[in-house]
Amino acid sequence: MELISPTDFVKERVLAVQDYWQLAWRSIQNLFGHPRYFGDTLQQADLIGVGSLPIVVLTGFFTGAVLALQTSNTLQRFGSTSLTGQLVSLSMVRELGPVLTGLMVAGRNSSGMASELGSMKVTEQIDAMRALGTDPTKKLVTPRVIASVVMLFFLTIISDLVGLVGGWMLSTLLLHIDSNQYWSYAWQSLRFPDVVMGLIKPVFFGFVIASIGCYYGLTAKGGTQGVGRATTQAVVAASVLILASDLVLTRFLMILFPGY
Amino acid sequence: MPRNSLPDEIALPQSPETRHKAIIFDDLSISFENSNKVLDGISFELLRGETKIIMGAAGTGKSTILKLVPGLIKPDSGRIFTLGHEVTSMKEEDLFELRRQIGMVFQESALFDSLTVRENVAYRLMEEHDLPAEEIERRVVEALRFVELEHTLDMSPSELSGGMRRRVAIARAIVSQPEILLYDSPTGGLDPVTSTTIIELILKQRDQYHTSSLMVTHRLPDAFLMATNYYDVETKSMRPIADTAKRDVNTSFMILREGKIIFNGDAHALTTAAANDPYIREYIS
């Protein structure tokens with residue numbers, strides 16, 4: 001393996017960050033320009049949204065169930081198992097719903113985008129597209145960004161709901177908590193800022209998933225091996241960025257909604 | 001088929017003295033990461049209606065020249081004028097308009113593998129958004145008839161042979177009747193019979209539509225076929241130019257060596273140069 005000087009390494013990384021931001025910014029600018037690719041956006045929405053539904057439902061269900069199991073175990077020591085619904089609800093809506101849905105969709109779609117666009121890059125299809133007078137950021141990136149943002153928003157809502165159902169099933173069947181008690185605590189504990197916090201995050205996560213996937217795809221080089229590398233890097237980068245941006249967003253939203 | 005032109009409302013820089021030439025390279029240099037200069041101060045012109053065949057050993061920058069013409073890559077220094085527009089100073093967004101007047105055939109065809117042959121050929125026309133579906137279909141069929149592949153309309157690129165893919169790529173490049181055609185090793189990796197078929201199509205385009213073209217090749221037989229044959233509309237085939245005929249096929253040659261142009265001229269000048277330059281003599285022998 002070829003050794004690279006620390007200066008070159010840093011330069012490469014800084015350049016990569018600059019290229020990423022330029023691509024991300026152009027994908028936003030394209031929203032206000034022509035042409036707009038509605039067909040491609042709908043197709044991506046179907047691939048990302050409907051395609052990710054099974055894993056999002058399963059993840060949400062089992063997370064809700066395990067949350068109920070874990071929290072009830074702790075609450076039992078204080079004789080407050082009735083609060084299980086409240087804890088499951090707050091944890092799912094504020095944090096675990098958006099983050100786990102984001103991570104799942106990142107694993108599935110960032111990799112898919114990176115490999116699809118990477119294959120197009122190494123077989124000169126991206127250059128062919130540019131040579132044919134089409135802006136790849138308009139045709140390929142922006143539709144994926146829009147679809148990811150919109151679909152992740154709705155997938156998160158579904159995940160939250162399924163998570164609550166998972167928690168409810170476990171609470172009633174295994175822990176013998178009253179159904180009405182579970183749902184009334186789950187419902188009453190949620191405040192407007194909790195819901196806002198849980199629904200702003202997927203908008204950012206959706207943007208991260210698509211822009212990172214497209215960036216690694218469009219910068220892939222080195223044949224099929226390069227496409228494989230881009231795919232792996234896209235998933236890793238998207239997952240880390242989701243977790244990092246979650247921290248920043250949570251802090252920011254806590255400042256915006258003091259007391260929550 | 002009407003030729004495209006840049007809409008008036010798009011104010012692109014255009015120089016009056018360069019408008020009558022299809023392509024001008026002015027003292028152009030480019031190098032890639034961890035390599036010496038791929039092109040080192042090269043200058044040449046392609047006149048309107050002219051076909052220039054670019055030859056040279058592997059890695060001498062032939063394909064790089066083609067990618068520079070529509071601004072797919074940017075040079076380190078020098079200027080390029082394509083159809084009178086200085087592409088080296090244009091923004092990427094403006095280049096998309098200019099590129100619609102250029103057809104490019106890539107080395108490995110670069111067909112969109114998720115689209116059918118029909119959709120590949122129709123791609124540029126569909127991107128224009130203002131053409132009715134019947135008109136697009138008519139022009140797609142016409143372009144595919146030109147390359148004798150009408151029957152492949154609903155096939156996907158993976159179902160085609162290498163030669164057929166190359167012919168579909170030619171159909172995709174000519175469907176909008178571009179002002180300039182760029183062929184990147186159109187016969188590379190093909191058997192001699194298929195190669196001749198491809199060259200015949202390029203000749204047909206040259207002699208019927210007089211499109212300005214740059215063709216990269218490292219196959220000398222292709223270059224000689226281009227220089228010594230013409231497309232006969234009556235017999236619909238390629239025919240050798242008789243010694244007595246004063247037919248000008250408007251084809252010239254350019255040879256690159258280590259990033260520099262060592263020859264640029266017509267077939268007659270090439271024969272003379274070969275007599276004086278041992279490298280050219282060895283290259284074309």
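**View 1. The interface between chain B and chain A.** In this predicted model, 23 residues of chain B are in contact with 19 residues of chain A. The two chains bury about 1,800 Å² between them, and carbon and sulfur atoms account for 52% of that area. On the side of chain B, the residues that lose the most area to chain A are B:Phe96, B:Phe112 and B:Tyr123. Together these three make up 28% of what that side buries.

View 2. Three elements of chain B each give two or more residues to the side that touches chain A: α2 (92–99), β6 (102–105) and α3 (117–127). The largest share of that side comes from α2(B), with four residues. The number of salt bridges between the chains is three. In a salt bridge, the side chain of B:Lys67 meets that of A:Glu124, with 3.0 Å from N to O.

**View 3. A nonpolar patch on the surface of chain A.** The patch is formed by A:Ile4, A:Phe9, A:Val10 and A:Val14. Together they have about 350 Å² of accessible area. One of them, A:Val10, lies in helix α1 of chain A, which covers residues 6–29.

**View 4. A:Val10 in detail.** The relative accessibility of A:Val10 is 48%. A:Val10 therefore counts as partly exposed, because that class lies between the limits of 20% and 50%.

Notes. Residues are numbered from 1 along each chain as its sequence is written. Chains are lettered from A and ligands numbered from 1 in the order in which they are written. This is a predicted model: local features need pLDDT of at least 70, side-chain atom pairs count only at pLDDT 80 or more; totals for chains, interfaces and linings use all residues. Side-chain values use heavy atoms; hydrogens and water are left out. Patches are made of residues with over 30% relative accessible area and no salt bridge: like charges are joined within 9 Å, nonpolar side chains (Val, Leu, Ile, Met, Phe, Trp, Tyr) within 5 Å. Accessible areas come from the Shrake-Rupley method with a 1.4 Å probe; for residues, only the protein chains shown count as cover. A salt bridge is a side-chain nitrogen of Lys or Arg within 4 Å of a carboxyl oxygen of Asp or Glu. Buried means under 20% relative accessible area, exposed over 50%, partly exposed in between (1.4 Å probe, protein chains only). Contact means heavy atoms within 4.5 Å. Buried area is the accessible area (1.4 Å probe) that two parts lose on being put together, summed over both.
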